[in-house]
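Dear colleague,

Please find the structure below.

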Amino acid sequence: MSHESETARAPVAIGEVLAGKYRIDRVLGQGGMGVVVAATHVHLRQQVAIKLLLKGARGEVVARFLREARAAARLKSEHVARVLDVGELPNGSPYMVMEYLEGSDLEGVLAQRGPLPVEEAVLHVLQACEAIAEAHAAGIVHRDLKPANLFLTRMPDGSGSVKVLDFGISKDTTEDPSEQSASLTR
């Protein structure tokens, strides 16, 4: 998909200031339900990533999106992508502001490099396990662990780090069962 068509489907425009503080810089990626953009917090001059649902998202899609934000915000591990803020666009569509990550998901790395050396693979798995252990201790079951949801980035000291992404179909075992829709987590 071309950059122009991605921008056309995005619910925000490049240069637009969202919530009076996030200036949209560029589209990072787009899926069937949403788009992720790079933005700059205009007051703090800090780069962030904003995940938005595409125009017309309703019902269970919105509930799943908010579940993802709540689950990730509860986790403090350095190996979970931090959620910094949530809000709604003027049209009522939700958005989620997350830490901006530089790097690539493990799926892309594997496609480019092929199988990883055992030592490197073990390090990635251990870091992902650390994040998932915290999630489990908090009663959150991710339910969609795959290479595309493991993002490889660098820490400030230059060391490699895995960030677990996308808690959209997670299950919160601490919620009242009557509050969970079976179809949301199917």
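Strand S5 and strand S6 (residues 94-99) run antiparallel and are joined by 5 bridges. Strands here are DSSP runs of E with at least two residues, helices are runs of H or I with at least four residues, and both are numbered from the N terminus. Two strands count as paired if DSSP finds at least two bridges between them.

This is a predicted model, in which local features need pLDDT of at least 70 and side-chain atom pairs count only at pLDDT 80 or more, while totals for chains, interfaces and linings use all residues. Residues are numbered from 1 along each chain as its sequence is written, and side-chain values use heavy atoms, with hydrogens and water left out.

Val83 has Met98, in S6, as its bridge partner. Helix H2 (residues 59-74) packs on the sheet and touches strand S4 (46-53), S5 and S6; contact means heavy atoms within 4.5 Å. The direction of H2 makes about 30° with that of S6, where axes are lines fitted to C-alpha atoms, for helices over the stretch in contact, and angles run from 0 to 180 degrees between N-to-C directions.

The sheet is open, with 6 strands in the order S1-S2-S3-S4-S6-S5 and antiparallel pairing. Its edge strands, each pairing on one side only, are S1 (17-18) and S5 (83-88).

The largest pocket holds about 940 Å³ of space. A pocket is an open set of points on a 1 Å grid over the protein atoms alone, where a 1.4 Å probe fits, with protein on both sides within 12 Å along at least five of seven lines; lining residues have an atom within 4 Å of a point. Grid points are joined across faces, edges and corners, and the volume is the space filled by probe spheres set on the points. Of the 35 lining residues, Val36, Lys51, Glu68, Leu165 and Asp166 are the closest to the centre of this pocket. H2 gives the largest share of the lining, 5 residues. By class, the lining has 22 nonpolar, 7 polar and 6 charged residues; Ala, Val, Leu, Ile, Met, Phe, Trp, Tyr, Cys and Pro count as nonpolar, Asp, Glu, Lys and Arg as charged, and the others, Gly among them, as polar.

The second largest pocket has a volume of about 210 Å³. Among the residues that line this pocket are Arg113, Glu120 and His124.

Yours sincerely
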